[in-house]
Amino acid sequence: MAIKKLGRRTFLKSASFAAAAAAATGGGVVIGPNGAWALALSKLDAATGKTLIRMARDLYPHDQFDDAPYAKVAEALDQAAAKDEALAKLLTDGAAALDKASGGSYLKAKEERRLATLVGMQTDPFFQKVRGTVVTTLYNDPDVWKKLGYEGSSAEQGGYISRGFDDIDWLPKQG
Amino acid sequence: MAKYELSDDSVVVIIGSGAGGGTLANELCQKGIKVVLLEAGQRNEIEDFVNNEWEAFGMLSWLDPRTTSGTWRVHQDFSGLPAWICKTVGGSTTHWAGASLRLQEHEFKTRTVYGDIPGTNLLDWPITLADLEPYYAKAEDKMGVTRTNGIPGLPGNNNFKVMEYGARKLGYKEVHTGRMAINSQPRDGRGSCQQIGFCFAGCKSGAKWSTLYTEIPKAEATGKLDLRPGAQVLQINHDDSGKASGVVYADAEGNHHEQKARIVCVAGNSIESPRLLLNSASGKYPDGLANSSGMVGKNYMRHMTASVYSIFEKPVHMYRGTTMAGIVQDEARLDPGRGFVGGYEFETLSLGVPFMAAFLDPGAWGRQFASAMDHYSHMAGMWIVGEDMPQEKNGITLNKDVKDKFGLPVANVHFDDHPNDVAMRNHAYIQGSAIHGAAGAIQSFHTPPYPSTHNLGTNRMSEKAKDGVVNKHGQTHDIKNLFVSDGSQFTTGGAENPTLTIVTLAIRQADFIADAMAKKEI
């Protein structure tokens with residue numbers, strides 16, 4: 001995975017790795033807030049990447065998540081775009097259309113404006129592609145599962161037979 | 001394992017290795033009959049199964065192209081995926097939840113009991129519950145169904161306890177952990193349920209009955225079974241007299257072969273079985289095989305389904321443990337006073353986060369949806385499954401505009417809800433929410449139907465040849481050595497999960513076929 005979680009001390013070094021990796025393949029680099037992560041895109045430019053990350057969060061906003069799981073959505077879209085020129089154009093044009101419909105910059109627009117922009121586009125192929133990818137990427141991320149309280153694979157742990165399948169303790173006594 | 005020649009015209013060819021085909025294969029092999037079992041999917045074993053929803057879906061599901069039409073919401077949300085069924089050795093018995101309920105007596109004679117409901121094509125089955133009872137008993141024993149044969153029920157998980165509490169508070173009486181083909185104690189060489197969850201992803205412990213690791217290896221042990229995975233049947237051939245003579249299939253490399261046969265049994269489910277009969281049209285049978293009635297592909301039923309998911313103040317962790325070991329049966333009764341005919345069951349259901357995101361409210365986005373997902377660990381869930389009405393316009397047709405990789409027209413699945421289905425669903429939404437509400441739910445979601453898991457009726461059983469495709473033994477009215485051995489035989493659907501009845505019919509059909517072969521009738 002090109003997206004890397006970075007400790008602050010390693011940020012500069014790793015960010016330059018990411019930049020070098022991206023330079024080799026022609027895509028942009030997106031650096032997360034405080035350098036917590038870096039996303040090296042292989043096809044899309046950084047502006048498109050940033051817009052897609054914001055759009056992914058606007059579609060499925062979880063205040064408890066930082067941007068890293070949303071950046072993975074942009075990464076999934078970028079990887080698909082690298083193999084599909086038509087998709088790359090759909091995403092690049094779509095991000096530009098978001099900017100235009102938001103009065104110049106989707107990223108700088110207020111939430112209300114951004115949501116109005118999305119509502120106006122929700123039947124477009126661009127919107128549908130991004131929304132579908134968020135559903136199958138964001139909610140398929142084990143880091144997200146942990147935050148939502150889903151424990152994932154259980155067979156290798158012996159199932160839940162001795163790990164709380166029936167541990168509910170708050171139902172009143174039936175009377 | 002046996003290996004028969006392609007030219008061996010003494011074999012019984014069975015198409016599909018799921019509940020119907022896999023069971024029939026074993027039953028015939030146990031009687032010493034030579035069987036070639038053709039399965040379109042690969043042989044994935046228990047060790048291949050993964051506790052990961054999307055990964056398992058990709059491994060087990062039938063993902064070849066299909067199209068949809070009609071007013072059902074599946075057409076809108078999942079237009080290329082009408083059904084959530086499997087293409088793998090064991091068929092959908094790898095994926096099923098294990099609920100094993102007998103049909104009720106009145107459900108075999110709905111035309112008589114419900115009357116002439118406008119817009120429906122209701123018909124009485126040519127058999128009764130009494131006819132099937134001895135075979136139901138054999139099926140329950142074979143599958144190790146809990147609450148039969150002295151087998152204890154499964155323990156209730158958190159999701160069940162929530163449903164049970166609410167249901168009893170509302171006054172429902174028939175509330176328990178179900179009749180499940182999942183071992184609650186070791187049986188038949190398989191261990192007991194480890195409360196893993198992921199029943200839909202293939203049971204990693206083998207506690208859940210599946211033909212993959214029960215019927216099929218037992219059939220192999222007889223030395224009579226020639227199982228060919230990766231063999232997709234393209235056409236059924238017939239001789240000049242009109243009898244089925246063999247089948248053409250593509251192997252995993254795409255090479256075509258013709259396997260000769262004494263008898264052909266179609267068990268590819270209610271979408272692929274009629275598609276195969278229609279795709280086998282010939283000069284003699286221009287409308288497809290066994291289709292003199294015009295009923296092949298018609299009267300498609302998918303059960304009235306829906307789900308209710310609710311959020312509670314405190315954690316539930318509904319995904320822990322057996323997915324469907326919980327049932328409320330009171331609404332399955334015959335009671336037209338509720339504003340609809342037929343009945344429905346509440347059964348516990350959970351989805352993991354990946355599938356919950358895809359299915360809770362398909363297409364939805366925004367803060368409200370994300371907020372629901374934020375409460376995932378506090379959710380309880382139930383599935384609603386009830387009898388839907390057979391309608392002649394609902395069904396499988398060949399979509400000549402879309403071809404599969406073999407160049408054959410794919411199945412189009414058309415479905416419109418009948419007003420009776422809608423009335424039942426609305427009733428069930430209200431009652432289901434009330435159950436969770438009585439247990440303290442803060443908010444409930446009314447989740448629309450998933451892609452169909454219960455696909456029924458498209459080669460239905462009928463007394464008279466003009467009303468359906470097969471007789472009371474699943475033998476086609478038109479061609480005496482051509483049988484249908486899956487859920488497409490169902491004349492009507494009942495309120496109950498269909499697998500037990502499919503297995504029951506397969507056991508009964510095996511007796512009929514063996515007897516007819518011995519008497520040289522076929």
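## The sheet in chain B

Let's start with the open sheet of chain B, where 6 strands line up in the order S4-S11-S12-S13-S10-S16 and the pairing is antiparallel. A strand here is a DSSP run of E with at least two residues, a helix is a run of H or I with at least four, and both are numbered from the N terminus. Two strands pair if DSSP finds at least two bridges between them. At the edges sit S4(B) (175-176) and S16(B) (443-447), each of which pairs on one side only.

The model is predicted, so local features need pLDDT of at least 70 and side-chain atom pairs count only at pLDDT 80 or more, while totals for chains, interfaces and linings use all residues. Residues are numbered from 1 along each chain as its sequence is written, with chains lettered from A and ligands numbered from 1 in the order in which they are written.

S13(B) runs antiparallel to S10(B) (residues 304-311), with 8 bridges joining them; here Met304(B) stands opposite Gly386(B). S13(B) also pairs with S12(B) (residues 344-348) over 5 bridges, again antiparallel, and Glu347(B) stands opposite Trp383(B).

## Two crossing helices

In chain B, H6 meets H11 (residues 419-438) at an angle of about 105 degrees, their axes 7 Å apart. Axes are lines fitted to C-alpha atoms, for helices over the stretch in contact, and angles run from 0 to 180 degrees between N-to-C directions. H6(B) and H11(B) are therefore roughly perpendicular, the word used for 65 to 115 degrees (under 35 is roughly parallel, over 145 roughly antiparallel, and the rest oblique).

Residues count as in contact if their C-beta atoms, placed from the backbone, lie within 7 Å. Among those meeting here are Val162(B) and Met163(B) from H6(B), and Ala434(B) and Ile435(B) from H11(B). By class, this contact has 7 nonpolar, 3 polar and 1 charged residues. Nonpolar covers Ala, Val, Leu, Ile, Met, Phe, Trp, Tyr, Cys and Pro; charged covers Asp, Glu, Lys and Arg; the others, Gly among them, are polar.

## Where the chains touch

The contact between the chains takes 36 residues from chain B and 29 residues from chain A. On the chain B side, the elements giving two or more residues are H6 (158-170), H9 (353-359) and H10 (367-374). The residues on that side divide into 17 nonpolar, 12 polar and 7 charged.

## A look at chain A

Chain A has 7 helices and 3 strands, in the pattern β-α-β-β-α-α-α-α-α-α along the sequence. Of its 175 residues, 36% are buried.

Take H6(A), residues 125-138: at 1.5 Å a residue, its 14 residues should span 20 Å, and its end C-alpha atoms are 19 Å apart, which agrees. The expected span is 1.5 Å times one less than the number of residues. Phe127(A), Val130(A) and Val134(A) are among its buried residues. The buried residues of H6(A) pack against H2, H3, H5 and H7 of chain A, together with H9 of chain B.

Key
Two residues are in contact if their C-beta atoms, placed from the backbone, lie within 7 Å. A residue is buried if 20 or more other C-beta atoms lie within 10 Å of its own, exposed if 12 or fewer, and partly exposed in between; C-beta atoms are placed from the backbone.
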